Amino acid sequence: MKTIFEPTKGMIPVDTSYCPGCGHGIAHRIIMECLEERGSLGNTIGVVPIGCAINAHHFMNVDMCESTHGRAPAIAAGIRRVHPDQVVFTYQGDGDLASIGTAEIIHAAHRGEKFTTFFINNAIYGMTGGQMAPTTLIGQKTTTSVNGRTVEQAGLPLRMCEILSQIDCAVFVERVMLNNPANVRKAKAAVKKALDIQDARLGFTFVEFLSSCPTNWGLAPKDALNYVGQNMADYYPVRNFKTPEGF
Amino acid sequence: MSRVLMKGNEAFAEAAIRAGVKCYFGYPITPQNEIPEYMSHELPKAGGAFIQAESELAAINMAFGASASGGRVFISTSSPGLALMQEGIGFIASCEVPLVILNVSRGGPGVGGIQPGQADYLQVTRGGYNGDVRVPVFAPSSIQECANLIYECFDIADEYRNPVVILADGMLGQMMEPVELPEARGITPVEKINDERPWAITGTDNHPERNVVYSLRLDPQVLENHCFDMFEKYAKAEKELVRWTDQGLEDAEIVFVAFGTMSRLCVEAIELLEERGIKAGLIRPISLWPYPNAAFDKIGKNCKVVISTELSMGQMITDVKTAVQGRWPVSLINRTGGMVPSSIEIADRAEKALKEATK
Ligand SMILES: Cc1ncc(C[n+]2csc(CCOP(=O)(O)OP(=O)(O)O)c2C)c(N)n1
Ligand code: SF4
């Protein structure tokens, strides 16, 4: 009999802790599929964030460590110095990366660190129960912006791809979205490319996923996916910002 | 190797390289800048890696990553820099990852000054990290002793899988002294890392089970058990890591307690007091945690006063009082904010303290 589908060996076969409709599970799976397809599961070291995805090390079938909040890029820089040949990545949410960890991500890009950062932008603090993030959209209701975020009170949302692509040693920067199967396939292609460019040791590689948090958005899973595809994609253009020649 | 005349900070950096350090991460702060400077050109020559971190926050976390993945890591900073590292130190201890940290301390509080100070005593022995964590702390009083301690502390950090702090005040970092440097041990090659550190995250091909270095334990019972386990380790440390030197305790009327640079001034003050017909002795704690309480049992029956002698408003004095357990009066001789007393000032103030104690 011909096998037409098999779960990736990159995911440990247990139920995840993520809510129904959450983007984390999809992002985990495509990253792990890419690592499996390129035969990298045995020589990868990953860093999980503070955020809902701190649990990723229960699901991703590679060597991993936790991090202090926002510092995963510094931790990965340390790992890279000890392991010049391994695949190294960080996996970070938008509170982790775009708020408390801005210095570390900017300077990882600035030094052209040879690892990949997967950035899950769900426009909210998931784990702590739905507070406003720097990426929260104008008008979006959160527990710390109950009437919707305003420019006067909190400024305009931070676009990390746009910031990082200004940094010369960030060589691959792409924003993708996890709202439907076609876009998930595109997201997977971006992950694969980022890892290939990491292999070439050309510089820092970054993939941002526009992702859903139905629980804290107060939306049904399907509506949350529509919110990603419409509201989020409106403010955060889904595109490639930078690719080195030859990729 | 023959003795060489070296500036403290450079000798400390060289001792770390010879101990087989793979990575050094640092952010500039006086009075320890010679360490990152020296590391930037010498560590790569020895096969190691240097990063000038964007902050002390980044430096401590780079150190975590490098050590969690099996590299031998050394970092250095000075007082305000160590304050920024506190979250990281507690996290690293909780993850049971080894690390050697050198604090070349300066006068505080706040940004403070850049002259030598010992007002980091509480910061290093109690920490600013959350949770039940202990960090062994050693305080050398000479460049030679500091170099030896740096070399040795890597083994202690590895054995206990815990950060270890060396507290050397700015005086030791900035002065020059002859020093005999230990032999170079070489860096563990990457393919041997899991032989020495089976828990290190190196990629699952390199070890039988998947490795995860973690701190989060949401189940309170699991977390409590982890604390109990860590404190078994710390109980062992309290037995095995206690270190001090002492002199003249049997017949001393005055017993100074001082560490680091201050202990050297006390030795001079003891000679001055002897000329004045007063017998004084010294306890010099080398391990600040665990504290050498046993040293105080050697104090003889002539003792009239125990004097904690510090470059701070009096921080170690709490530990001195605990060790003394009410057996003798305890007083304080101190200067702070980067001011260092002369041995004459110490002798004069000690004489006064003796008079008051025997009044
Ligand atoms: C130093 C520190 N500050 C705050 C927290 C609390 N905290 C845990 S997760 C989190 C936010 C995570 O949000 P995000 O990065 O957006 O990830 P998500 O949970 O949405 O995936 C915060 C603030 C912490 N653990 N440590
Ligand atoms: S709270 Fe939000 S981010 Fe966290 S698991 Fe649930 S849906 Fe996902």
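Biologist: Which residues line the second largest cavity?
Modeller: The lining of the second largest cavity consists of B:Leu82, B:Gln86, B:Ile89, B:Gln123, B:Val124, B:Tyr129, B:Val135 and B:Val165. A cavity here is a set of points on a 1 Å grid over the protein atoms alone where a 1.4 Å probe fits but cannot get out, and lining residues have an atom within 4 Å of a point.

Biologist: What are the ground rules for this model?
Modeller: This is a predicted model, where local features need pLDDT of at least 70 and side-chain atom pairs count only at pLDDT 80 or more, while totals for chains, interfaces and linings use all residues. Residues are numbered from 1 along each chain as its sequence is written, chains are lettered from A and ligands numbered from 1 in the order in which they are written, and side-chain values use heavy atoms, with hydrogens and water left out.

Biologist: Back to that cavity. What is its volume?
Modeller: The second largest cavity has about 30 Å³, a volume being the space filled by probe spheres set on the points, with grid points joined across faces, edges and corners.

Biologist: Which elements supply at least two residues each to its lining?
Modeller: Those are α5 (86–95) and α6 (121–125) of chain B. Helices (H or I, at least four residues) and strands (E, at least two) are DSSP runs, numbered from the N terminus.

Biologist: How does that lining divide into nonpolar, polar and charged?
Modeller: Six residues of the second largest cavity's lining are nonpolar, two are polar and none is charged. Ala, Val, Leu, Ile, Met, Phe, Trp, Tyr, Cys and Pro count as nonpolar, Asp, Glu, Lys and Arg as charged, and the others, Gly among them, as polar.

Biologist: And the largest cavity, what is in its lining by class?
Modeller: Six nonpolar, two polar and three charged residues. The volume of the largest cavity is about 60 Å³.

Biologist: Which residues are in the salt-bridge network?
Modeller: The network links B:Arg72, B:Asp155, B:Asp158, B:Arg185, B:Glu196 and B:Arg197. A salt bridge is a side-chain nitrogen of Lys or Arg within 4 Å of a carboxyl oxygen of Asp or Glu. B:Arg72, B:Asp158 and B:Arg197 are also among the residues lining the largest cavity.

Biologist: How many salt bridges are there over all chains?
Modeller: The count is 34. One of them joins B:Lys279 and B:Asp251, at 4.0 Å from N to O. B:Lys279 sits in the loop between α11 (260–275) and β12 (280–285) of chain B and B:Asp251 in the loop between β10 (244–247) and β11 (254–257), so the pair ties together parts 28 residues apart in sequence.

Biologist: What about A:Glu33, which residue does its side chain meet?
Modeller: A:Glu33 meets A:Arg29 in a salt bridge, 2.7 Å from N to O. The two are four residues apart in helix α1 (residues 23–37) of chain A, which means they are separated by about one helical turn.

Biologist: Is A:Glu33 buried or partly exposed?
Modeller: A:Glu33 is buried, at 13% relative accessibility, whereas A:Arg29 is partly exposed at 39%. Buried means under 20% relative accessible area, exposed over 50%, and partly exposed in between (1.4 Å probe, protein chains only).

Biologist: Chain B again. How many residues of helix α1 (residues 8–18) are buried?
Modeller: Ten of the eleven, so helix α1 of chain B is largely enclosed by the rest of the structure. The buried ones include B:Phe12, B:Glu14 and B:Arg18. B:Gly20 follows α1(B) and has a positive phi, near 95°.

Biologist: Now pockets. Which residues lie nearest the centre of the largest one?
Modeller: B:Gly90, B:Phe91, B:Ser94, B:Asn130 and B:Ser215, out of 22 lining residues. α5 and α10 (220–240) of chain B each give two or more residues to that lining. A pocket is an open set of points with protein on both sides within 12 Å along at least five of seven lines. The largest pocket has a volume of about 470 Å³.

Biologist: And what volume does the second largest pocket have?
Modeller: About 360 Å³. It has 27 lining residues, and A:Gly51, A:Cys52, A:Tyr125, A:Gly126 and A:Met127 are the closest to its centre. α3 (94–100) and α8 (214–217) of chain A give two or more residues to this lining. By class, the second largest pocket is lined by twelve nonpolar, 13 polar and two charged residues.
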